[in-house]
Amino acid sequence: MRYDYAMFTPAGNREVQKIVETVQDTKLKNNDAWSLAYNELDILSQREGFTEAMDTDVRDHVYCALQRLKIIDDYETDFFL
């Protein structure tokens, strides 16, 4: 399956997909899950070739993916940390 998280390359999208899967595996919910994803995106953005990982568009795609997976509820989870 192909995922698009608004990263500039397919390799970037794969790295972000790994973050989503990591959050899913932890069984964390809402702010705890989003905080983990956010921090992992920040770490990824510091790697060469993945600086866009902290762009609002990428974060929005990840947030929506976590909503679809019922990991976060937007009524209980703050997008802006």
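A residue counts as buried when its relative accessible area is under 20%. Asn30 has a relative accessibility of 18%, so Asn30 is buried. The model is a predicted one. Asn30 belongs to helix H2, which covers residues 30–45. Leaving aside neighbours within four places in sequence, Asn30 is in contact with Ile71, Ile72, Asp73, Glu76 and Thr77.

Now step back to helix H1, residues 10–26. Its 17 residues should span 24 Å at 1.5 Å a residue. The end C-alpha atoms lie 25 Å apart, which agrees. The buried residues of H1 are Gly12, Asn13, Glu15, Val16, Gln17, Ile19, Val20 and Val23. H2 and H3 are among what covers them. After H1 comes Lys27, with a positive phi near 70°.

Side chains of opposite charge can pair when their charged atoms come close. The structure holds two salt bridges. One joins the side chains of Glu15 and Lys18, at 3.1 Å from N to O. Both residues sit in H1, three residues apart, about one turn of the helix. An α-helix has 3.6 residues a turn, so residues three or four places apart point the same way. Glu15 is buried, because its relative accessible area is 18%. Lys18 is partly exposed, at 46% relative accessibility.

The other salt bridge joins the side chains of Glu15 and Arg47, at 3.3 Å from N to O. This pair links distant parts of the chain. Glu15 is in H1, while Arg47 is in the loop between H2 and H3, 32 residues apart. Arg47 is partly exposed, with a relative accessible area of 40%. Through shared partners, salt bridges join Glu15, Lys18 and Arg47 into one network.

The loop between H2 and helix H3 (56–68) also holds Ala53. Ala53 is buried, because its relative accessible area is 0%. Not counting residues up to four places away in sequence, Ala53 touches Met7, Leu41, Leu44, Ser45, Val58 and Arg59. Ala53 and Tyr5 are 48 residues apart in sequence, yet 8.9 Å apart in space, C-alpha to C-alpha.

Two packed helices are described by the angle between their axes and the distance between the axes. The axes of H2 and H3 come within 11 Å and cross at roughly 145°. The crossing is right-handed. H2 contributes Trp34, Ala37, Tyr38 and Leu41 to the contact. H3 contributes Val58, Arg59, Val62, Tyr63 and Leu66. Eight of the contact residues are nonpolar, none is polar and one is charged.

How values were computed. Residues numbered from 1 in each chain as written. Predicted model: local features only at pLDDT ≥ 70, side-chain atom pairs only at ≥ 80, totals over all residues. Heavy atoms only, no water. Helix = DSSP H or I, 4+ residues; strand = E, 2+ residues; numbered from the N terminus. Buried < 20%, exposed > 50% of the residue type's maximum accessible area, 1.4 Å probe, protein only. Contact = heavy atoms within 4.5 Å. Axes fitted to C-alpha atoms, helices over the stretch in contact; angles between N-to-C directions. Left-handed = near helix turned anticlockwise from the far one by under 90°. Nonpolar A, V, L, I, M, F, W, Y, C, P; charged D, E, K, R; others polar. Expected span 1.5 Å × (residues − 1). Salt bridge = Lys/Arg side-chain N within 4 Å of Asp/Glu carboxyl O.
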